[in-house]
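Here's a quick briefing to read with the model open beside you. Take the topics in any order you like.

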Amino acid sequence: MAHVDTSLPSRTTGAAAKLADAHNTEHPLKLYSGWFCPFVQRSWIVLEEKKIPYEYREVNPYKKEAEFLALNPRGLVPTLAVPKADAGSKHQKPLYESSVICEYLNDEYADESKHGPNLFPPGSAYERARCRLWIDHISGKIVPGFYKFIQHTPEKDFTIEEARSNFLGHIKTLVKEMMENSEDDGPWFLGERFSMVDVMLAPWAKRMFLLDHYKPGGVAIPAEGQGGEDEELWGRWRKWFNAIADRQSVKDTWSDDGYYIQAYKRYAEDTTNSEVAQATRKGVALP
Ligand SMILES: N[C@@H](CCC(=O)N[C@@H](CS)C(=O)NCC(=O)O)C(=O)O
């Protein structure tokens, strides 16, 4: 494979290293991870929120080793190795795609007497569907907008202001929905109930400091009192953001900030050949 990036630090640091070490022994349920990967962090947060026993395995997804490709022909992390019912079989069933993995874990470990609460609202099919609708907004609009913004360079045929307002526009759409349709005023998407919608966005919210670090003008979310006609909206965003930053599962799956700065330099300079970055460059859907 051309341009395999092996310059990345090879493992978790900080809080994430502690958690990875606590899950380094053989277990039939395995999370194949890249510590830097926001899609992985989604799955890792769900494993923690649901109090599921698992093994954490660090891989470099850019190397595409045979054992890893045998599980996931797409060669992306997260990949989950799921135990087969007949114990002793050396074969495992694979799962991949972060949103699919998260839904699987939530469904398979549904017993709330042993595991964490359901990450979808149990009482209403409509509310569950509404959650999936906004997860689609996150994955289809906010996440691609993040990469378009961070990979912006002066050579692009759109300006950094356009990339920034595209990204912020998609966030505002989500926050308006939180304000209009959550049961109370937060902090989560659904109000008092933490849900899969919060999980799906958390990893990119945590990585927004990279936009401040690398991009001229930064992410430019107005500070308190500076939001003009959107003051209330940005206040609601800050409430959600602060709650996410303070969530134990989010903190525990986070490496030291400086390593993200190092890992995302190649995005900020638009030199990485990760599949997400290539798709962003071509303006096509993310893998
Ligand atoms: N749609 C996938 C995207 C996963 C993804 O792109 N993972 C990246 C790391 S953040 C990866 O494995 N990249 C390897 C490559 O681009 O070759 C998901 O939601 O799980």
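Predicted model: local features only at pLDDT ≥ 70, side-chain atom pairs only at ≥ 80, totals over all residues.

The rest is grouped by topic below.

- You'll find P187 in the loop that runs between helix 6 (160-181) and helix 7 (196-206).
- E97 isn't a glycine, yet its phi is positive, near 80 degrees.
- Look for E97 in the loop between strand 4 and helix 4 (98-108).
- With 18 other C-beta atoms within 10 Å, E97 counts as partly exposed, because a residue needs 20 or more to be called buried.
- A220 is another non-glycine residue with a positive phi, near 65 degrees.
- The loop between helix 8 (209-214) and helix 9 (231-246) holds A220.
- A220 is partly exposed too, with 14 other C-beta atoms within 10 Å; the exposed class stops at 12 or fewer.

- Four strands make an open sheet in the order 2-1-3-4, and the pairing is mixed.
- Strand 2 (55-58) and strand 4 (93-96) are the edges, each pairing on one side only.
- From one strand to the next, the twist averages 25 degrees.
- Strand 1 (residues 30-33) and strand 2 run parallel and are joined by 4 bridges.
- If you want a specific pair to look at, K30 has E55 in strand 2 as its bridge partner.
- Helix 2 (residues 38-49) lies across strand 1 and strand 3 (79-82), at about 150 degrees to strand 1.

**The nonpolar core**
- The largest nonpolar core has 65 residues, and F146, M196 and V199 touch the most other members.
- Helix 5 (residues 125-150) supplies the largest share of this core, with 10 residues.
- Once you set aside neighbours within four places in sequence, F146 is in contact with F167 and W204.

**Around the ligand**
- The ligand is surrounded by 15 residues, and the closest are C37, P61, L76, S98 and E275.
- Sorted by class, that shell has 9 nonpolar, 4 polar and 2 charged residues.

Methods:
Residues numbered from 1 in each chain as written. Core = buried A, V, L, I, M, F, W, Y, C linked by C-beta atoms within 7 Å. Helix = DSSP H or I, 4+ residues; strand = E, 2+ residues; numbered from the N terminus. Contact = placed C-beta atoms within 7 Å. Near = placed C-beta within 6 Å. Nonpolar A, V, L, I, M, F, W, Y, C, P; charged D, E, K, R; others polar. Pairing = 2+ DSSP bridges. Axes fitted to C-alpha atoms, helices over the stretch in contact; angles between N-to-C directions.
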